[in-house]
Amino acid sequence: MFLSSSSPLRTKKTQAIGIPVLDLSLDTTTLSRHIITACQDYGFFKLVNHGVPIQVISKMEEAVQGFFSKPASEKVKVKANPPSPFGYGCRNIGYKGDVGELEYILLQANSLSIGSDTFNIVANQPTNFRCAVDDYIQAVKELTCGLLEILALGLSLPDTNVFSRLIQDVDSDSCFRVNHYPGIKHETNPPKPAQRIGFGEHSDPQIFTILRSNDVPGLQISTVDGLWIPVTTEPTDFCVFVGDVLEVLTNGRFKSVRHRVMANMTNKSRMSMMYFAAPSLNEWISPIPQMISPGNLRLYKSFTWNEYKKAAYSLRLGDQRIDLFKCHSTLC
């Protein structure tokens with residue numbers, strides 16, 4: 001069953017807006033068709049009956065709540081130290097002056113080996129934190145691989161592992177981030193909600209993003225018409241975002257979705273956990289051959305994930321980084 005949640009937004013271009021909600025318990029053929037439609041029309045969908053145990057999710061949420069409840073003097077002990085982005089951060093987003101109303105922790109998702117940035121971060125946390133991170137990342141990685149294989153099936157690709165293989169690589173550059181948007185405090189003259197951005201407009205540079213958040217609102221996605229749609233979530237939902245790399249791999253058939261988080265205007269904290277599925281740094285990215293034809297010319301140049309990542313870090317959060325890699329002639 002392909003569900004659609006209602007939204008009050010309407011325009012002449014978009015007569016009815018409904019965020020796609022996909023049920024992973026559907027048969028594979030039906031599900032693959034719905035995933036293709038959602039990725040084409042929105043670059044985004046919500047996922048129910050995803051199979052990730054609620055105990056794994058709950059333990060991860062408890063662990064990060066424990067971390068963020070620590071005094072600032074404790075959290076800054078694992079502060080990110082450039083050029084490494086991994087560790088704890090507060091307000092600063094990237095290296096180009098973008099800021100938000102949040103604090104976060106960013107970890108590598110593929111390596112807890114001794115000496116790695118992530119190992120050194122989690123080694124200073126309680127055992128339950130390390131176990132929760134391990135279990136959660138493994139669960140959402142398996143979910144991501146399954147979704148990408150269903151997606152490849154829906155595209156009628158001869159190799160259904162063409163996307164999932166990229167994140168199963170032992171050198172995958174996938175990462176895991178938890179954002180904490182504190183509840184609003186009493187202010188004498190609080191700014192209007194529309195003036196407050198928790199995390200600014202952007203697209204994710206990776207392949208797929210799997211997000212889990214609590215029931216505090218804030219997330220919005222942009223449609224092709226430029227409308228911002230609020231995304232509501234249930235405790236058992238996941239949100240799935242198409243990233244820039246998947247847009248390139250499908251030669252623009254899927255579009256990476258631009259999204260943002262409005263500032264938290266409640267007295268309850270908003271917590272979101274994101275698994276960013278990425279290839280290895282040296283992996284070459286280009287449109288797969290089946291996505292190119294005489295009637296569908298190649299749109300993007302070839303590049304390594306490391307090159308794209310450097311470009312992303314060199315720009316502001318809201319910049320259209322993917323434009324740097326578009327073909328401008330038939331000799332791409």
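Helix axes are taken here as lines fitted to C-alpha atoms over the stretch in contact, and the angle between two axes runs from 0 to 180 degrees between N-to-C directions. In the predicted model described here, helix α1 (residues 28-41) and helix α5 (residues 127-154) pack at an angle of about 90 degrees, and their axes lie 8 Å apart. Because angles of 65 to 115 degrees count as roughly perpendicular, α1 is roughly perpendicular to α5. On the side of α1, the contact is made by Thr28, Leu31, Ser32, Ile35, Ile36 and Cys39; α5 contributes Leu147, Ile150, Leu151, Leu153 and Gly154. Sorted by class, the residues of this contact comprise eight nonpolar and three polar ones, with no charged residues.

These two helices belong to a protein chain with eight helices and 15 strands. Of its 332 residues, 53% count as buried. Among the contacts in the chain with a separation of 6 or more, 71% are between residues 24 or more positions apart. The chain exposes about 15,600 Å², of which carbon and sulfur atoms supply 53%.

Strands of a sheet pair through backbone hydrogen bonds, in either a parallel or an antiparallel manner. In this model, an open sheet is formed by four strands in the order β7-β12-β9-β10, with antiparallel pairing. From one strand to the next, the twist averages 25 degrees. The antiparallel pair of β9 (residues 219-222) and β10 is joined by three bridges, and serine 222 has tryptophan 228 of β10 as its bridge partner.

A further set of pairings involves strand β5 (residues 98-108). Nine of the eleven residues of β5 are buried, so this strand is largely enclosed by the rest of the structure. Strand β4 (residues 87-93) runs antiparallel to β5 and is joined to it by six bridges; tyrosine 88 has isoleucine 105 of β5 as its bridge partner. The hairpin of β4 and β5 has four residues between the strands, and glycine 94 takes a positive phi near 75 degrees there. Strand β5 also pairs with strand β6 (residues 175-181), in the antiparallel sense and over six bridges. In that pairing, the bridge partner of leucine 107 is phenylalanine 176 of β6.

Methods
Residues are numbered from 1 along each chain as its sequence is written. This is a predicted model: local features need pLDDT of at least 70, side-chain atom pairs count only at pLDDT 80 or more; totals for chains, interfaces and linings use all residues. Side-chain values use heavy atoms; hydrogens and water are left out. Angles under 35 degrees count as roughly parallel, over 145 as roughly antiparallel, 65 to 115 as roughly perpendicular and the rest as oblique. Contact means heavy atoms within 4.5 Å. Ala, Val, Leu, Ile, Met, Phe, Trp, Tyr, Cys and Pro count as nonpolar, Asp, Glu, Lys and Arg as charged, and the others, Gly among them, as polar. Two strands pair if DSSP finds at least two bridges between them. Buried means under 20% relative accessible area, exposed over 50%, partly exposed in between (1.4 Å probe, protein chains only). Accessible areas come from the Shrake-Rupley method with a 1.4 Å probe; for residues, only the protein chains shown count as cover.
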